[in-house]
Amino acid sequence: MKREIRLTADGSPTLYVPELDETYHSRHGSVQEALHVFIANGLKPLASKNKSIQILEVGFGTGLNAFLSAQFAHEHQSSVQYTGIEAFPVEEAIWRQLSYFQKPEEKAIYYELMAASWEEPLALNSNFTLTKVKNSIQDWQPKALFDLIYFDAFGPRAQAEMWNKAIFEKLFTALNKGGVLVTYCAQGQFRRDLKAIGFEVLSLPGPPGKREMTRAYKI
Ligand SMILES: C[S@@+](CC[C@H](N)C(=O)[O-])C[C@H]1O[C@@H](n2cnc3c(N)ncnc32)[C@H](O)[C@@H]1O
């Protein structure tokens with residue numbers, strides 16, 4: 001898959017995939033979107049209640065959500081075990097050029113995270129363990145339960161198969177009771193599918209440039 005580096009409105013980079021005409025993040029700001037959808041509305045509310053949090057990310061991509069989660073876990077002394085699934089890993093020649101972080105110590109951690117071996121847990125700091133899984137969500141079978149799912153696939157227009165109801169049935173089964181799925185997507189059919197599966201679906205204000213996002217609970 002061909003990918004090009006693009007700058008988003010908050011000054012942070014993203015990747016553009018010409019064959020899908022889709023970017024990895026919001027054009028309004030990649031870091032801003034990730035902080036809003038996945039950290040402020042995903043990890044933060046859970047971290048205040050749970051001592052230890054198992055996170056699953058669908059679409060690990062450039063590792064931005066994983067990096068920001070590791071940073072949050074470190075700053076808030078939460079214990080996070082993070083599994084990131086990715087079917088089409090970003091090549092090293094590309095991720096080495098992504099200028100998300102300017103501070104040398106942040107860059108070093110970002111590179112460590114991106115260079116981590118697949119399928120092998122890596123303790124990025126004393127609060128955060130990362131396991132990257134090279135597989136498609138369709139073929140992956142959960143071996144443990146999760147408290148929080150970051151669903152960060154390309155949008156339904158670009159990659160409809162990622163929004164198939166069967167995927168969310170699998171993710172529902174992979175969640176602990178009380179577990180949460182967050183995503184930037186607020187599409188009507190997607191939300192109806194979540195409700196039909198048994199999720200309680202909540203609409204939240206989206207990041208800049210987007211009216212709504214979705215948080216869904218397994219009650
Ligand atoms: C919107 S981008 C992810 C953005 C990522 N979270 C980040 O911060 O860079 C969607 C990701 O889903 C991956 N993907 C596409 N099809 C997939 C599949 N069937 N299973 C798992 N991942 C898939 C893509 O390769 C891409 O990395």
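## Helix α4

In this predicted model, the residues Tyr110, Leu113 and Met114 of α4 are buried. These three lie on the same side of α4, because they cover an arc of only 95° around the axis. An α-helix has 3.6 residues a turn, so residues three or four places apart point the same way. The other side of α4 carries exposed residues, namely Pro104, Glu105, Ala108 and Ala115.

## Ligand shell

The ligand is surrounded by 19 residues, of which Gly59, Gly61, Thr62, Leu64 and Ser136 are the closest. By class, this shell comprises 11 nonpolar, 6 polar and 2 charged residues.

Two elements, α2 (64-76) and β5 (79-86), each supply at least two residues of the shell.

## Glu57 in strand β4

Glu57 belongs to strand β4, which covers residues 52-58. Glu57 counts as buried because it has 25 C-beta neighbours inside 10 Å, and 20 or more are required for that class.

Leaving aside residues up to four places away in sequence, Glu57 touches Asn65, Ala66, Tyr82, Gly84, Ile85, Tyr150 and Asp152. Glu57 and Lys132 are 75 residues apart in sequence, while their C-alpha atoms are 9.4 Å apart in space.

## Loop residues with positive phi

Most residues other than glycine have a negative phi. Gln77, although not a glycine, has a positive phi of about 50°. Gln77 is found in the loop between α2 and β5, the two elements that each supply at least two residues of the ligand shell. With 9 other C-beta atoms within 10 Å, Gln77 is exposed.

Glu119 also has a positive phi, near 70°, and is likewise a residue other than glycine. Its place is in the loop between α4 (104-115) and β6 (122-125). Glu119 counts as exposed because it has 10 C-beta neighbours inside 10 Å, and the exposed class holds residues with 12 or fewer.

Note on methods: Residues are numbered from 1 along each chain as its sequence is written. This is a predicted model: local features need pLDDT of at least 70, side-chain atom pairs count only at pLDDT 80 or more; totals for chains, interfaces and linings use all residues. A residue is near a molecule or strand if its C-beta atom, placed from the backbone, lies within 6 Å of it. Helices (H or I, at least four residues) and strands (E, at least two) are DSSP runs, numbered from the N terminus. Ala, Val, Leu, Ile, Met, Phe, Trp, Tyr, Cys and Pro count as nonpolar, Asp, Glu, Lys and Arg as charged, and the others, Gly among them, as polar. The arc is that of the directions from the helix axis to the C-beta atoms. Two residues are in contact if their C-beta atoms, placed from the backbone, lie within 7 Å.
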